[in-house]
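Please look over the model below before reading the points that follow. They are meant for someone who has not seen it before.

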Amino acid sequence: MTKTITLDGKTIPFEDGQTIMQAATAAGVYIPHLCHHPEFTPHGSCKLCTVKVNGRNCSACTFPAAEGQDVLNNTKELTDDRKKITQMLFVEGNHFCPSCEKSGNCQLQAVAYHLNMLDDHFPLFYPHREVDASHPDVLIDHNRCIFCTLCVRASREHDGKDVFAIAGRGINKHLIVNSISGHLKDTNLDKNDQAAHVCPTGAILIKRTGYQVPIGQRLYDHQQIDEISLASSGSRPDEALLTFMDEGNADDCREQSRPPSLAVVSEQHHGE
Amino acid sequence: MANKIRVATTSLAGCFGCHMSFLDLDERLVALAELVEFDRSPITDIEHASNCDIGLIEGGVCNSENVHTLREFRKNCKILVAVGACAINGGLPAMRNFIPLEECLNEAYLDGIGVENPQIPSDVELPLLLDKVRPIHEVVKIDYYLPGCPPSADVFWKFLTDLLEGREPELDYELVHYD
């Protein structure tokens, strides 16, 4: 007999070993999340996926589904909590969307839109954080890091490297890279590593690709993150791009999207 | 005409882009003018807000004059609205928050390339700069927020028509953008 849990009053099936997040995604129910990624070991740190299980708050991405659970997800109380969590993420970093090339493709922003977050509510920290532009192909803007550890997990679990880690605690928490100099250029990160693409915000960016799709035509500009997330079985929407690049089309992708005039100029220079 | 809703607008540490976007209401401005009259605003040149129903504030708070203006608006507007990214989180002007104020002034008025007769402006007429640019909700209570850089004319229209017709203002997904 199929085992089931109750999610917002509806009975949904689960298999042994599934988390509440996995069962919900399989049943077509979106639970907001940022640090969760279906391919990686759950981390349970962003707390956006907080649901009420038999009256207690739990992280849906880490909590195992079990027979007899009565789970609340889409309630006003939880939505308000999630909005507050998102506002805290915004004020603890420096998230200036108008000057960020990830705007429109950013999951932090998309979750905030989804929650109809119109303001930051809390006083802003304006923490002083650095930008590491040392790597030829990949940029780290620490201002936008939310410590979801997706780059840490992607590097270890997918890329077979160990490029990223989180150091420090509380307000001093920060992303570090695995090199003696502390610079990204001295690590073995490659622009085609999943770790370079998995960032849900604009903290890790591939250089020279930021404006290939104009603002206003981007992933979340007209479609909500819940629809996009469920359509891709809970996986990350920017992975469509990643899969494309994995197939060796990365250079084609860049060539095709370059404005024709620039391509012509570049060819002329080569001709000389 | 005595029953018209009174609206005041101002830009603090902003670029007037939100005001420009407001003007993008185009012909809808005519319809709006049937329902509202403008008090203090760049549209009227009235210098002080008084007894207003709605105050629209663009820009964050970067100097002492911004603080005074913001408090005057709060005192004189029943509903105060933070308009645009700068009012909501400090926006672009707040990117100076990561540089000590003295360094900013030195760069602009003493050490910058092409500066002639270098001196840091200091006059009783000039408002003093705050050490950091702050969003306006850190200074006064704000009733509503219209995000965007700038919010589109449709955002202004939806918000104002909701208010004028007695509905709780709501912005649909397509109207909420931070960029």
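1. Val51(A) stands opposite Cys58(A) in β4(A). The two strands concerned, β3 (residues 50-53) and β4 (residues 56-59) of chain A, run antiparallel and are joined by four bridges. Strands count as paired if DSSP finds at least two bridges between them. Two residues lie between the strands of this hairpin, and Asn54(A) takes a positive phi near 45° there.

2. A word on the source: this is a predicted model, in which local features need pLDDT of at least 70 and side-chain atom pairs count only at pLDDT 80 or more, while totals for chains, interfaces and linings use all residues. Residues are numbered from 1 along each chain as its sequence is written, and chains are lettered from A and ligands numbered from 1 in the order in which they are written.

3. Chain A has seven helices and ten strands; these are DSSP runs numbered from the N terminus, with at least four residues (H or I) for a helix and at least two (E) for a strand. Of its 272 residues, 38% are buried. A residue is buried if 20 or more other C-beta atoms, placed from the backbone, lie within 10 Å of its own, exposed if 12 or fewer do, and partly exposed in between. Among chain A contacts between residues at least 6 apart in sequence, 66% join residues at least 24 apart. Contact here means that the C-beta atoms of two residues, placed from the backbone, lie within 7 Å.

4. Domain 1 (3-74) and domain 2 (97-217) are assigned in chain A; such bounds come from an automatic or database domain assignment. Their C-alpha centres lie 26 Å apart. Eleven residues of domain 1 of chain A are in contact with 15 residues of domain 2 of chain A. On the domain 1 side, six of these residues are nonpolar, four polar and one charged.

5. Where is His158(A) found? His158(A) belongs to helix α4 (residues 150-158) of chain A. His158(A) is partly exposed because 15 other C-beta atoms lie within 10 Å. Leaving aside neighbours within four places in sequence, His158(A) is in contact with Glu39(A) and Gln194(A). The C-alpha atoms of His158(A) and Ala195(A) are separated by 8.1 Å, although the two are 37 residues apart along the chain.

6. In chain B, five strands form an open sheet with parallel pairing, in the order β2-β1-β3-β5-β7. β2 (36-38) and β7 (144-146) of chain B are at the edges with a single partner strand each, so one side of each has no neighbour in the sheet. The twist averages 30° from one strand to the next. Three bridges link β5 (residues 77-83) of chain B to β7(B), and Tyr145(B) in β7(B) is the bridge partner of Ala82(B).

7. Overall, 24 residues of chain B are in contact with 19 residues of chain A. Helix α4 (residues 84-89) of chain B gives the largest share of the chain B side, three residues.

8. The largest nonpolar core has 96 residues, and those with the most contacts inside it are Ile20(A), Ala60(A), Cys151(A), Ile57(B) and Ala82(B). Such a core is a set of buried Ala, Val, Leu, Ile, Met, Phe, Trp, Tyr and Cys residues joined through C-beta atoms within 7 Å.

Terms used: Axes are lines fitted to C-alpha atoms, for helices over the stretch in contact, and angles run from 0 to 180 degrees between N-to-C directions. Ala, Val, Leu, Ile, Met, Phe, Trp, Tyr, Cys and Pro count as nonpolar, Asp, Glu, Lys and Arg as charged, and the others, Gly among them, as polar.
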